[in-house]
Structure formats: C-alpha cells, structure tokens
Amino acid sequence: MEKINEAQTDKVRGKLGELQAEVRKLTELRHHSIPRVIMKSGLESFVPEQLSNTAAAALELAGLSKAVAEGADVNKIFKLETKFRNYLDHLAIRNGFFFGTSTRRFCYLVCSRVSNVAQSDVAGLLQMLYQLIQLVGRNIREDGLTGAGLMMRTGVHVGTVNTSIIDTDENSKFYFSGTTEKAEKLCSFAGENEMLITHECRSQVIVSDAELPFEWGRKEQYGTSQQQRNRTLGFMSMLSSKATDQGVMEAYCIKVPLIEESTEEKVHNLRVPRK
C-alpha cells in the first residue's frame, strides 16, 4: 500500500511539474507578445489608446527569398534571419522597445512608445535602428553574403499610433496601427543600409544633433516618377509604377556605415542611451 501511495504521489508531482512548465511557457509567450509596461499594469486594465506624436518605424531585412531563389546558401540565410530576430529580442529586453510584425515577411514594426503613460523616446528609437542596421549589415559581410541582394533598411514617421490587444485561442497579442502604414511605405523606398526619416520625425527629436550617431543628410522626395527612373533598391531593378499613386513622401536619407568591430563585441555592448 505504501509503495502504491508513493507511485501515485510521484505521478501527481510529475503532472504538476508538467502543468507548471506549461504555465511558464504561456507566461513567457504572453510577455513576448505584449509590452512589459502593459503586462505590469495588467491585461485586465488595458484600454485601447491613440498615441499622438509617436514615432513608428518599419525595419526590414530585405531580399532573403530572392537570395535563396538565386542560389545563396540556405543555411547562411537561415542563420542570418535568426540572428536578426535575436538582436530584436536583445534590444527589446535591454531597452524596453516592443517589436511587432508587419504584413510583409521579415519586416518588423516598432514605436517610440506603446502607452500614453510612457515618454515618446524618438531619439532612442533612431539610435537603436542605426545600431541594428550596422550590426546586421556587418553580419551579411562576415557570413559571405555580400552581393546576394540582402539589405537592411528602415522608414520612420511620426503621427498617431492606435493600440489594441487581440485575444486568440492560444495567446493575447498587442497590435499597433495608424502611422505605421506610412513607415512601411517609406521603408519600401529605402536602399541598402538606409534610414529614411520624415521631417515630422526629426522635429520630435529633443536631443542635439551632436548626440546622434549620424548626420541628417539631404531631404529628398520618395514615390516620384523621377525616383522610379533613377533610383534602384539593390535587389529590385526599379520601383513599381504604382509608387506614384501612393503619394509623394519627403524624408532625410541616412546611409548607415558598417561597424568595424566584431558583431559579437557589438551585440554584447548593444544598449541605447535613455534619458
């Protein structure tokens, strides 16, 4: 009888351990899908918000599918995309930025804030994007994928961001929309290792230009017929003629230079100064 009781106790403990592991897994997944500031306040108290004067960025690792189709090493491509996602997670944890997925594959959205109670950290967002482009661009070079048509690019705009949480059978997910659509469109115009930043975004940067790791460069128009004829995007021969129908956008074009130190050193020290 004693042995039977011990066996039943072990069985119960085993089941309890499995349940606890599932709870931990679900909790980790929820924290990954929802910003920390909202998780701390509690999902029950969440109310959808409109965040005015908030910067939204679309960050894309472009050309992956085309590179594979043209014979690039699939394992190297897979490792590069994995590193890219790991860098996003690293920055999200260390600096508090939340990354959402775009409708475009390998494109991620990030905002300067996710709640009205938080400060809109536009300068921090731009510095983070700059570092990410440097980091992934260096990885492309180190992995021998230069010339495969791969590139990092981003578009950043300021406007109103709408937030919401959508519940599914498996998980709750945080979504933002609004000015992110303009950021995605601007990102599609960017070239290799380029940041396209609108004047509206620049006007929200409260730090001095000397504190930023880049110079603003020249403001240009994107989405014009002239651009269609003259500008290429690395893995694309020309912009679609539909670009003119989407409207013209003006933005500062910042060409990001690749870092010289190893990517391992860079990711270890990757931290955005916060005011």
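1. Lys-219 is partly exposed in this predicted model, at 38% relative accessibility. Its side chain meets that of Glu-250 in a salt bridge, with an N to O distance of 4.0 Å. Lys-219 belongs to strand β7 (residues 219-222) and Glu-250 to strand β8 (residues 249-255), so the pair ties together parts that are 31 residues apart in sequence. Glu-250 is likewise partly exposed, with a relative accessible area of 40%.

2. The whole structure holds 7 salt bridges. One of them joins Arg-153 and Glu-60 at 2.9 Å, N to O. Here strand β4 (residues 151-167) supplies Arg-153 and strand β1 (residues 50-62) supplies Glu-60, so parts that are 93 residues apart in sequence are tied together. Both Arg-153 and Glu-60 are buried.

3. Asp-143 and Lys-83 also meet through their side chains in a salt bridge, at 3.5 Å from N to O. Asp-143 sits in the loop between α5 (122-142) and β4, while Lys-83 is in helix α4, so this pair links parts that are 60 residues apart in sequence. Asp-143 is buried, with a relative accessible area of 17%, whereas Lys-83 is partly exposed at 26%.

4. The aromatic pairs number 8. Among them is Phe-84 with Tyr-108, an edge-to-face arrangement with 5.6 Å between centres and 75° between the planes. Phe-84 is part of helix α4 (residues 74-95) and Tyr-108 part of strand β3 (residues 107-111), so the contact ties together parts that are 24 residues apart in sequence. Phe-84 is buried at 0% relative accessible area, and Tyr-108 is buried at 9%.

5. Elsewhere, ring pairs connect Phe-46, Phe-98, Phe-174 and Phe-176 into a cluster. A charge-over-ring case is also present: Arg-202 lies over the face of Tyr-252, at 4.9 Å from the ring centre.

6. The count of disulfides is 0. For Cys-187, the closest cysteine sulfur is in Cys-107, and the 4.9 Å between the two sulfurs is too far for a bond, because a disulfide needs them within 2.5 Å. Cys-187 is buried at 0% relative accessibility. Cys-201 also counts as buried, at 0%.

7. Ala-67, in helix α3 (residues 64-69), is buried with a relative accessible area of 2%. Leaving aside residues up to four places away in sequence, Ala-67 touches Ala-72, Ile-77, Ala-148 and Leu-150. Between Ala-67 and Ile-77, 10 residues apart along the chain, the C-alpha separation is 8.2 Å.

Methods. Residues numbered from 1 in each chain as written. Predicted model: local features only at pLDDT ≥ 70, side-chain atom pairs only at ≥ 80, totals over all residues. Heavy atoms only, no water. Buried < 20%, exposed > 50% of the residue type's maximum accessible area, 1.4 Å probe, protein only. Phe/Tyr/Trp six-rings, centres within 6.5 Å; stacked < 30°, edge-to-face > 60°. Helix = DSSP H or I, 4+ residues; strand = E, 2+ residues; numbered from the N terminus. Lys NZ or Arg CZ within 6 Å of the ring centre and 35° of its normal. Contact = heavy atoms within 4.5 Å.
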